[in-house]
Amino acid sequence: MKQFMVFVRKEFYHVFRDRRTLLILFGLPVMQILLFGYALTTEIKNAKIIVIDNAKDVNSEQLIAKIRASTYFSIVEGDDMGAAFRKGEIRCAVVFPPGFGNDLLHGNTAQIQIVADASDPNTAKTLTNYLTAIINDYQQSIQPMVTIPYQIQPVLRMLYNPALNGSMNFVPGVIALVLMIICTTLTSVSIVREKENGTMEILLVSPFNPTYVVLAKAVPYLVLSLLDFIIILLLSVFLLDMPVRGSLVLLFMESTLFIISCLSLGLLISSVARSQQIAMLMSMMGMMLPTILFTGFIFPLENMPLPLQLISNLIPSRWFYFIVKAVMLKGLGFGAVWKQTLILAGMTIVLLTISIKTFKTRLS
Amino acid sequence: MNEKAIICKDLTKRFGDFVAVDNISFDVSSGEIFGFLGANGAGKTTAMRMLCGLSYPTSGEAAVAGFNVFTQQESIKKNIGYMSQKFSLYESLTVRENIRFYGGIYGLTNQELKEKGDELIAKLNMGNESKKMVGDLPLGWKQKLAFSVAIIHQPKIVFLDEPTGGVDPVTRRQFWDLIYDAADSGITIFVTTHYMDEAEYCNRISIMVDGRIDALDTPANLKKKYSAETMDEVFYALARGAKRTAD
């Protein structure tokens, strides 16, 4: 046991003296959270549009004022819509025909043309939806008396996230992503470094059991990863207003399980990789893309073709993401996530067995 | 001196069809400095790995420090020290921390670590450097430190795999002083080298060619036998017959 602690302490020295490791360990999570929290968002704000008002009456002025007031749009000056679109200066254009107000009040139907740059279809769709909503809103406000008989009125309720806050979706994803990258990268690199430096040989000639070498490597990174998890959690609660509705203890236990599965993956990589660079590439690039693609926090898994959906089942972070969302956002208990936990535990056991086995066979 | 530190009988290691080590037999007495020579690819490293308990022999028998290489690898590991040709201390740890780490994994108590550490630092004259990162030390110092760390737990035998590669002649000489000191304190030295002047420092040497031991005697006897003036000539006479090419 004392030998074990000697080893663990040495491992901590390595971590705290290596600027690169520290950067990955603490820079990565903070950067990811800030990036996803503030920079990368699917919401559209301040999209540039042109308004061409051929009516110039009270109603068109009022409607323009409403558009101007919304945070989604910022109106740019100009009247050559074609040129502005071609140059990419605007996303959208709104055209009022002459006599708009008159048509609206006396002719019962008035038209507004909305033109959008659909080279980016998602944005175009979102913007036209926003505009339609503003127009409908305006229509209601000027005709409060009109009630249509037999009207179906949908009553919407957004569960768990009434404000449709985007960070609710990505924070659990970022937690999964960051833990995955950090655990696999750091363990694999640190073991391969021992091989590269020739210190692994010395360790193996010593009476220190090879399995302990693996465990002693894993313990510091488990501790550090949990620390990372706490940092991410604090950042998302205090900076991004994320709720933690479920049990914190459960969340920690599940994270520990996930971290162990990532550590075993890192161990597996270390037994294949011959140099630190290869280990780094394999765990950073090789893990990052599948994690981003198949966890489901950026691209919905339901929309993927069946083969890809099946592949996604093999990615541990997918299950962990589900668990974090269930516990953090929905406030559910173990009863709701036992199946995912079981899958994750199964994966961990398989990975750990394979990696310890390959580690041992490589030695002999 | 009659006690045998290493006894090797018909030791063989095969990798598929390739016979890396071919029926070698020799023994090394306690306190002896035994030079284990051979061209690259002759099978030295493989033989050494078997003796250190890192791999199992295919056939034959061997005992290291009185323990069987098949069944008592763990006991062997407790009784040997090892220094590889690659520098094997942690560069991002200080001199003191390296001593504590390697002493620690051999199970030395804190008290022993402190005493041994002080003794070692005084002996190597590293008082001012003990808090420096090992990576900042010159190579010669590193090698001397690595050797001292390899014997910090007072092993019965220490295996040195080309310990002086890339080191200047003066430092090599100092390094051999350390080896003699260790041998005087009763530690058996098992050393591989490519420097023939170092071979002369050994009590006895063996020369491996193509997995076999072709010669084993004191340097003086070998020179006489091959009517050579230097060990260089002896080595060349033997290694010339090798069929294997270096790896």
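In this predicted model, helix α5 (residues 139-150) and helix α6 (residues 169-184) of chain B pack at an angle of about 10 degrees, and their axes lie 10 Å apart. Angles under 35 degrees count as roughly parallel, and α5(B) and α6(B) are therefore described as roughly parallel to each other.

**Packing of α5(B) against α6(B)**

- Two packed helices are described by the angle between their axes and the distance between the axes.
- From α5(B), the residues that meet the partner helix are B:Gly140, B:Gln143, B:Lys144, B:Phe147 and B:Ser148.
- Their counterparts in α6(B) are B:Thr171, B:Gln174, B:Phe175, B:Leu178, B:Ile179 and B:Ala182.
- Sorted by class, the contact of α5(B) with α6(B) comprises five nonpolar, five polar and one charged residues.

- The size of an interface is often given as the accessible area lost when the parts come together.
- Between chain A and chain B, the buried area is about 2,400 Å², and carbon and sulfur atoms give 61% of that area.
- On the side of chain A, the residues that lose the most area to chain B are A:Ile202, A:Val205 and A:Pro207, which together account for 27% of what that side buries.
- Chain A brings 25 residues to the contact, and chain B brings 31 residues.
- Ten residue pairs, both members at pLDDT 80 or more, are in polar contact between chain A and chain B.
- Helices α1 (2-17), α7 (167-197) and α8 (199-205) of chain A each supply at least two residues of the side that touches chain B.
- Of the elements of chain A, α1(A) gives the most to this side, with nine residues.
- The residues of the side of chain A that touches chain B divide by class into ten nonpolar, seven polar and eight charged.

**Salt bridges**

- Over all chains, the structure holds 20 salt bridges.
- Between chain A and chain B, the count is two salt bridges.
- One salt bridge joins the side chains of A:Arg17 and B:Glu97, with an N to O distance of 2.7 Å.
- This pair crosses between chains: A:Arg17 belongs to helix α1 of chain A, and B:Glu97 to helix α3 (residues 95-105) of chain B.

**Surroundings of B:Arg204**

- B:Arg204 lies in strand β9 (residues 204-209) of chain B.
- When residues up to four places away in sequence are not counted, B:Arg204 touches B:Asp27, B:Val28, B:Glu32, B:Ile33, B:Phe34 and B:Gly35, and also B:Leu216, B:Asp217, B:Thr218 and B:Pro219.
- The side chain of B:Arg204 makes a polar contact with the side chain of B:Glu32, at 2.5 Å.
- A polar atom of the B:Arg204 side chain also lies 2.6 Å from the backbone oxygen of B:Asp27.
- B:Arg204 and B:Asn221 are 17 residues apart along the chain, and their C-alpha atoms are separated by 9.4 Å.

How values were computed
Residues numbered from 1 in each chain as written. Chains lettered and ligands numbered in written order. Predicted model: local features only at pLDDT ≥ 70, side-chain atom pairs only at ≥ 80, totals over all residues. Heavy atoms only, no water. Contact = heavy atoms within 4.5 Å. Buried area = accessible area lost by both parts, 1.4 Å probe. Salt bridge = Lys/Arg side-chain N within 4 Å of Asp/Glu carboxyl O. Polar contact = N/O pair within 3.5 Å; in protein donor to acceptor, adjacent residues only side chain to side chain. Helix = DSSP H or I, 4+ residues; strand = E, 2+ residues; numbered from the N terminus. Nonpolar A, V, L, I, M, F, W, Y, C, P; charged D, E, K, R; others polar. Axes fitted to C-alpha atoms, helices over the stretch in contact; angles between N-to-C directions. Parallel < 35°, antiparallel > 145°, perpendicular 65-115°, else oblique.
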